[in-house]
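Let's take a friendly walk through this model together. Have a look at the fold first, and then we can go through its packing and a few single residues.

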Amino acid sequence: MTEPAHQHEHLDAVLAELAALEDPKMREANEARGDDHGVNLSKLRAIAKRLKTQQDLALALWATDDTAARLLALLICRPKAFEREQLDAMLRQARPPKVHDWLVNYVVKKSPHTEALRQVWMADSDPVVASAGWALTADRVVKEPDGLDVDHLLGVIEAEMAEAPERLQWAMNTCLAQIGIAHPGHRNRAVAIGERLRVLEDYPTSPGCTSPYAPVWIAEMVRRQDGS
């Protein structure tokens, strides 16, 4: 089945608009983080706001394999419209960190397939895919912990986080911190694991921001919760 010609015109017009926003300096800064695009994200969000939800256009933008187009696709798609296999395939295609993060946070978390994908991705041998599983687990630790084996999660983190590749390590560390913040009964163990592994201890943190080093992160969030 061929798409109507006007759909192609619409896609071409949107791609031309994105190309016009390309800023070489911004691309240089983004590429240092692994994101191969040079589009200001506020301007990208403004385009998405104007386009509103358009699932067919989102699929066409995703199929271009262009990072800025894929980011826009994730903002205008209908998360609940994707089949589980589609989301799994998309995650495996989403190598730039920003595309990966937006796919997990804006689409997968709103999908009826979140839990099934979380389990599949956690067990994946690809560390980038596994990092998505850990990101979803960190979210569940906070929102729906019933049925999660938190002791087992802490055991895996303790055994594997220190040697994990960067993006997987970051997601595991987030899960560790969320366990410490949301689960007082596991807090001492979470802090002790963080102190022993010292992952992200020296991460540069801007003034006013909380360090991602789990013992500091946990202590700060607990202090805020207690209102002290």
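Contact here means heavy atoms within 4.5 Å. With that in hand, histidine 37 touches Glu22, Met26, Arg27, Asn30, Thr67, Ala68 and Leu71, not counting residues up to four places away in sequence. A word on the source: this is a predicted model, where local features need pLDDT of at least 70 and side-chain atom pairs count only at pLDDT 80 or more, while totals for chains, interfaces and linings use all residues. Residues are numbered from 1 along each chain as its sequence is written, and side-chain values use heavy atoms, with hydrogens and water left out.

Histidine 37 sits in the loop between helix 2 (24–31) and helix 3; helices are DSSP runs of H or I with at least four residues, numbered from the N terminus. The side chain of histidine 37 also reaches the backbone nitrogen of valine 39 at 3.1 Å.

Is histidine 37 buried or exposed? Histidine 37 counts as buried, as the table shows. Buried means under 20% relative accessible area, exposed over 50%, and partly exposed in between, with a 1.4 Å probe and protein chains only.

| Residue | Relative accessible area | Class |
|---|---|---|
| Histidine 37 | 3% | buried |
| Lysine 143 | 60% | exposed |

Lysine 143 belongs to helix 9.

Now for the helix packing. Helix 5 (residues 67–76) and helix 7 (residues 97–107) pack at an angle of about 10°, and their axes are 10 Å apart. Helix 5 is therefore roughly parallel to helix 7, a label for angles under 35 degrees. Helix 5 brings Thr67, Arg70, Leu71, Leu74 and Leu75 to the contact, and helix 7 brings Lys98, Val99, Trp102, Leu103, Tyr106 and Val107.

The largest nonpolar core has 37 residues, and Leu61, Leu72 and Leu103 have the most contacts inside it. Such a core is a set of buried Ala, Val, Leu, Ile, Met, Phe, Trp, Tyr and Cys residues joined through side-chain atoms within 4.5 Å. Helix 5 gives the largest share of this core, 7 residues. Leaving aside neighbours within four places in sequence, leucine 103 is in contact with Trp62, Leu74, Leu87, Met90, Leu91, Ala94 and Val108. Apart from this core lies another, of 28 residues, including Ala171, Ile181, Ala214 and Trp217.

Terms used
Axes fitted to C-alpha atoms, helices over the stretch in contact; angles between N-to-C directions. Helix = DSSP H or I, 4+ residues; strand = E, 2+ residues; numbered from the N terminus. Parallel < 35°, antiparallel > 145°, perpendicular 65-115°, else oblique. Polar contact = N/O pair within 3.5 Å; in protein donor to acceptor, adjacent residues only side chain to side chain.
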